[in-house]
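Have a go at each task before you read its solution.

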Amino acid sequence: MLNNNTIYNSQFASLSFITMITFKTAMLPKYLASAVGRDSWITVLIMVAIELLMYVAVYYTARRINLQEEKNKVFIAPIMLAIFMLSMVRVIVLYSEMVDYTATTLFDHRRSIFIIITFAPVLGYLVYKGGNVIARLGEILLYVVVAVIATQTVLIQIDLDWSNILPVMVDNGDKVGKGIYNHFMWFGDFIPLLFFSVVNNKNKIMAKISVPIALTVAGVLVVLFFLVFTAAYGGAGILVNYAFNKMAVFNKISALVGASNALSVTTWLIMALLQLSMLIYSAAMSLSYFIKKKNLAIVIVIVAVSLIEAFWVQNVNNGYAFATSWVKWGVAAIQYTVPVILAGYARYKTSKAKLVKNDKAVQTNNQKESSDTEDPVKNSQLNGRKSEVSA
Amino acid sequence: MSILIKYKWLALVLAVVFMLVIDSMVYNVSISHRGIAIGLGIDIEEGEISLTAQVVLPKNGGVSSGGNNFINYNAKAKDMEKAIDIIGAESGLELSVAHTSIIVVGKSVIESARYDLFRYFISDDKINDNVLIAMAEDKAADVMKAKVPVGEVASLQLLNQLSPAKHPLGLIAVNLKDFTSRMFCGQGENYLPIVSIIPTTPSSDQSKDKVDKADAFKMDKTAIMDKEGLKGELDSKGSEGLSLITNNLQDGVIDIVGSDDRDISVHIVDSKSGVKYDYKNRKYKVNLALKTSRSEGRYEPDNTYSYLLDDQEIADLQKGIIDRVSSVISYSEEIGVDILGIKEGFYRYNPKQKYNIMTDDFLKTVKLEINFKIIQR
């Protein structure tokens, strides 16, 4: 039986895959179409490459230390505080997208407060059940996600004008840069994974390939999605909310039965819930480091997030304004430094543990040897063997 | 929380109660109180939007036989939201556009360049971006009111004609996504199929209802517009050329005049086109792959019955197609609208030549070259 936050490589891979694609295929295409235009896919390519480098540090850490069990208060306390702040800010922004999506797409009247009330216990329950349950849910969901993506790809029927992505990077370099630094909030989503501790799958092949395959596929899919989105909508991308939902209607089934995006609508909603539960999990776990009560920390985070969403953020536009305010610099600083610092710490701890282990081994050997020298019979035998070897 | 984990039945009961309470609070409208609009017609009258919504009445199940299960609601307002609201208030139904399959805009909409309406629809989260768009020859409301004989209402009839299994020659189906994305290219050059109402014989169903006049739709012309509004109409010959280049043709019969003045009907079973921009030689190159056969067979000298075109007929077919595509380009020059987006295409592939390409007379310097690949069925 694995500990509450100890998961297998394959589960870690599933969570990474879902984390990487969920919120990048919702409002981000519209935001980047406005900020960058036809070169938005280049912004995404750069950011995904950075994200993958960051992932190496996160995975390295999760393989070596269990953040929730670390005792070095002087080092861990500021890290926990930084993670708590980052997780809360990211939850506030991304939660506003999910609430708005549900309110506008699934209901006639956009009363988001009821949606917040409905999601709160669901998220709370998932976080209460802990990392194992979130990871297991992610693992189960991955099959559905892959099936939906495969179905949509096979049945796609959409006119794409690939010349919409041309010319590439002509008089647009500053916009690509602006697109990067204004949208840190939608990249580098792997911080919550630091709260998971990874062990190898029993299946050795799965243990080796699951993480690299999941990340490569997710990275390629995200960049491809932006290319297809630009080829499909061109300059009109600035008007398209929830890109995955709008594009899902372009398939052969739609011609026969009308709107057929129910598959992607529901799947995305569960993916979003899962990613938000991971963020709330990391916020709650980092808070519990200070208040020492996990359940209380979960309740505090859920209530705080719900109140902030309902009475302060209120809609997705305010969420975007908040995400692109000065807050983005804090987010970038934390999300790109914390994994590297923790990876360094994990390396230090591992090498220290090795040294201790080696020291212990040397000590044991020495003790053995000294006890041997005290035994004259053994000693004479040993000396005899040594002399034989030297002869 | 631990109580709920211990007593799972309590959690289930609470969940059910919670769902019912939330559901009653979010004001969900039942299906019988929804007006499902299958088609919308939009006109501009005295600066205001005149919205005609063709609504299926859910209480009757939406079966069209008998012709009384659809109703046209109309409202005038300054903006679309208000017009939809007025229809809701007057009909007592919540107007739902999630199942709308076609939007017909009146000539007045394009003439007055009210493209904000398309921006409204594409930004809307409920309407699908694959909804088809057409322009009425005159008023959209007249199209919606048309008495079509094929046992359907106007919206469904238009839908059948615009989205058959294969697009016929000269019929250009345009959806909301494609129309809106072209609005953002170059000078907003765009096109829409024109819906004309023509008289026809009533169907047997209509005769039973003592209808003495019936309408049919003809869509062989194409409206041309840019960001300033309506610029002209491509005739049926030009529309055929446009449909060949824009890959809208998948099946159809093309009538050509042979070198010996004979009329030949060629069945184009399938076509695929690709475009290249050769800036150095100022050539607009179209690669056209066609699957063809004669519409009528004939006896060959060896007494076999064949649908194959002979070499002369193939040459005549090529000439007929070049004429059609050339007519689109010459009409573009005539009305000053780059219908095929040739300038934008040259710029995209040769961005360094932007200032040479984006001139008024660049289009005149470009030569058309069509490379044919004809496969006989």
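The exercises below concern a predicted model, and each is followed by a worked solution.

**Exercise 1.** Work out how H3(A) and H8(A) are oriented to each other, and which residues meet.

*Solution.* Start with the axes: those of helix H3 (residues 40-64) of chain A and H8(A) come within 9 Å and cross at roughly 165°. Angles over 145 degrees count as roughly antiparallel, so H3(A) and H8(A) are roughly antiparallel to each other. Next comes the handedness: H3(A) passes H8(A) in a right-handed crossing. Now look at the residues. From H3(A), Trp41(A), Leu45(A) and Tyr59(A) are among those that meet residues of H8(A), including Leu215(A), Gly219(A) and Phe226(A). By class, this contact has 13 nonpolar, 3 polar and no charged residues.

**Exercise 2.** Describe the side of chain A that touches chain B.

*Solution.* Begin with the count: the contact takes 32 residues from chain A and 28 residues from chain B. On chain A, helices H4 (73-106), H5 (112-129), H8 (204-233) and H10 (252-257) each supply at least two residues. The largest share, 4 residues, comes from H5(A). Finally, sort the chain A side by class: 17 nonpolar, 11 polar and 4 charged.

**Exercise 3.** Which strands stand at the edges of the open sheet of 4 strands in chain B?

*Solution.* Write down the order first: E11-E12-E13-E16, with mixed pairing. E11 (252-257) and E16 (367-376) of chain B each have a single partner strand, so these two stand at the edges. For E16(B), 10 bridges join it to E13 (residues 283-294) of chain B, and the two run parallel. Lastly, helix H11 (residues 311-335) of chain B lies across E11, E12, E13 and E16 of chain B, running at about 140° to E16(B).

Conventions
Residues are numbered from 1 along each chain as its sequence is written. Chains are lettered from A and ligands numbered from 1 in the order in which they are written. This is a predicted model: local features need pLDDT of at least 70, side-chain atom pairs count only at pLDDT 80 or more; totals for chains, interfaces and linings use all residues. Two residues are in contact if their C-beta atoms, placed from the backbone, lie within 7 Å. Ala, Val, Leu, Ile, Met, Phe, Trp, Tyr, Cys and Pro count as nonpolar, Asp, Glu, Lys and Arg as charged, and the others, Gly among them, as polar. Axes are lines fitted to C-alpha atoms, for helices over the stretch in contact, and angles run from 0 to 180 degrees between N-to-C directions. Angles under 35 degrees count as roughly parallel, over 145 as roughly antiparallel, 65 to 115 as roughly perpendicular and the rest as oblique. A crossing is left-handed if the near helix is turned anticlockwise from the far one by less than a right angle, and right-handed if clockwise. Two strands pair if DSSP finds at least two bridges between them.
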